[in-house]
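Colleague: I would like to learn how to read a model of this kind. Could we take the features one at a time?

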Amino acid sequence: MLGSRFKLTLEIAKVHLLSKPKQTIIAMLGVTFGIAMFIALVGLMTGLNDFTEEITMTSSPDIHIYKDVTSPRKTILQQTNPGSLSWVHHQKPKNELTKVRNAYRIMELIRKNEMVRGVAPALSSQVFYNYGPAQLNGSILGVDILEEDKLFGLKSKMKEGRIEELLATREGIIMGQGLAKKLDVKKGNRIVITTPEGHTMTLKIVGIFQMGIGVVDNVRCYANIGTVQTILQQDPSYVTDINIKLNDRHLAKKYAAELEAKYNTKAEDWETANATFLTGVIIRNIITYAVSVTLLIVAGFGIYNILNMTIYNKMKDIAILKAMGFAGGDVRSIFMIQSLIIGLIGAVAGLAIGYILSVLISKAPFNGGDIISLDHFPVNFDPKFYMIGVVFGVITTAVAGYMPSRKASGIDPIEILRGQ
Amino acid sequence: MEVLATRNISKYFYEPEKFQVLKDITLTINRGEFLSLVGKSGCGKSTLMYVLSTMDTDYEGELEIAGQKLTGKNQDTLSAFRNEHIGFVFQFHYLLPEFTVLQNVMIPAMKRNQFSHEEIEYKAMERLKTLGVEQHAHKPSNKLSGGQQQRVAIARALINDPDIIMCDEPTGNLDSYNTHLVFDIFKQLTHEYKQTIIAVTHDDEFASKTDRIVQMSDGRIVQ
């Protein structure tokens, strides 16, 4: 019973739409354009976000433990006069080593936690790379290369050489591609480095890596941790950083706070370390949604206008339908169905066009320059956004169609049918 | 047997100022009656018909059609009631221009949803035959002449076998040939099929040939 009644309203709605094809198509195009832009924009924006997140996340630890020499400490005045009100301006850090105390013991304990996917020690130092008479500023990172690979997938980042060669060559280094280019060196070349303390050492390049981020590739070298300890003339327990990767990186913030309290050292989680990057992601998302919603609202106004016009032209039809026994709700559904059909077909067409646009964008060549290694735009084809697109489109048209439809349902037939 | 009865129906207009258009109208109409409602312009005859049609619910008094009391019923109930019990013919045909003649006639029956599509189509063709426009059944409704369109509108009013057909100036827009044709159809319907018809008209010639004339003046039935 209900089904066939719906069929009649659907039939009338269909006839209305087909009798003014141009108008119907224009209304649909509004929605199509909005959704297509949404899909293309969201695909590009989230694609870029995911890409940068991917490279930032793979190259940075979830939690980074280090000794923060700039962290506030009690002044001598406070120590000698506890409880007194005192204020010391411009307190300088103490001259102390940036060493993490008991690093290997801490790592052992952390490794036992089941949230942890991997822990690796690192020893980082500023160095100068001697290039003829010039000196290039950079950093050297002493690592356990196999542990480092487990955390950051170094193997896949190697452009030349293999990471195992570092194990075989005590005085070897793996150099960032950008740095190698600047120094004009290749695998197998030797290079002289100088530490800030003035020690120099000659190292052999056993490999070249590329992380894809300029700030890493242009300055960093990996070496065995023992080598760096030797360069810095420190003992074998000297470790400046502990890097941790978790199974679920969203637990990092909580776990970092725990570690900080437990080991009395600085533990920084990835969210804090990459705050600017995350802000960028949020802003890009806001822009994407704002633009898409604006486009859809414009499309909504288009539908609102066209339905209003249709209803104005169909006053007589509405009046006679009501006289013949169509209830207000029936009339409302006739026009709601029209706007939903416009919305649905427009949205589906929008998805198709959005998909085509996304494919075209993903094929467009794009030079990321030195900052990120990118030759094509990364585009996200997540079906989730296509779902959001349809739902968005249908909701917009439903809202836009509701007011004119309600107006149609409220038309008083007598005013129109009374001749004169 | 009475098919429509009113008791003390009064109605006011509030714009531009309060004004009583209908004053204590008590009227009984019997089955098969061909009744014309006449009176000067502004006497309230159309207003009365729209109250009787159940479309206007803003009145005092009581209205009963086919034994059902309709005063105080909600709009949806009244819509369904109109669909089953009342057919309408207006001065203009009000056919839906995008639909064919046959579809126009079928719409009220499809709305009623009592019979299958085939049965409705058969019945609609029968009505079109009665009115002599069956050869135009599959044409778009706006391709017909004014007289033909009005006959299609009458066929549409008949499709659900209503208890009453209500007409507001049914011949007001027709030439004399078609006026006679429509009148004869009404006459035939009332006499052969015992169809009740109420027609508001200012055409005295048309009214004079109906079974019963109700004359109104200043919101009262005077005769």
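Colleague: Which domains does the domain assignment of chain A give?

Modeller: A note at the start: this is a predicted model. A domain may be written as more than one segment, and chain A shows that: domain 1 is 2-57 + 277-417, and domain 2 is 63-71 + 94-268. Their C-alpha centres lie 52 Å apart.

Colleague: What is the strand order of the open sheet in chain B?

Modeller: The order β2-β1-β4-β5 describes an open sheet of 4 strands in chain B, with antiparallel pairing. In chain B, β2 (19-30) and β5 (68-69) are at the edges with a single partner strand each, so one side of each has no neighbour in the sheet.

Colleague: How many bridges join β4 and β5 of chain B?

Modeller: Strand β4(B), residues 60-65, pairs with β5(B) over 2 bridges, in the antiparallel sense. As for individual partners, I65(B) is bridged to Q68(B) in β5(B).

Colleague: Where does helix α1 of chain B lie?

Modeller: Helix α1(B), residues 45-52, lies across β1 (2-13), β2 and β4 of chain B. Its direction is at about 120° to β1(B).

Colleague: What volume does the largest pocket have, and which residues lie nearest its centre?

Modeller: The volume is about 950 Å³. The lining has 38 residues, and H64(A), S124(A), S125(A), L141(A) and D241(A) lie nearest the centre. Strand β2 (residues 116-131) of chain A contributes the largest share of that lining, 4 residues.

Colleague: How do the lining residues of the largest pocket divide into nonpolar, polar and charged?

Modeller: There are 17 nonpolar, 13 polar and 8 charged residues in the lining.

Terms used. Residues numbered from 1 in each chain as written. Chains lettered and ligands numbered in written order. Predicted model: local features only at pLDDT ≥ 70, side-chain atom pairs only at ≥ 80, totals over all residues. Heavy atoms only, no water. Pairing = 2+ DSSP bridges. Contact = heavy atoms within 4.5 Å. Axes fitted to C-alpha atoms, helices over the stretch in contact; angles between N-to-C directions. Domains from an automatic or database assignment. 1 Å grid on protein atoms, 1.4 Å probe; cavity = no way out; pocket = protein on both sides within 12 Å on 5 of 7 lines; lining within 4 Å. Points joined across faces, edges and corners; volume = space filled by probe spheres on them. Nonpolar A, V, L, I, M, F, W, Y, C, P; charged D, E, K, R; others polar.
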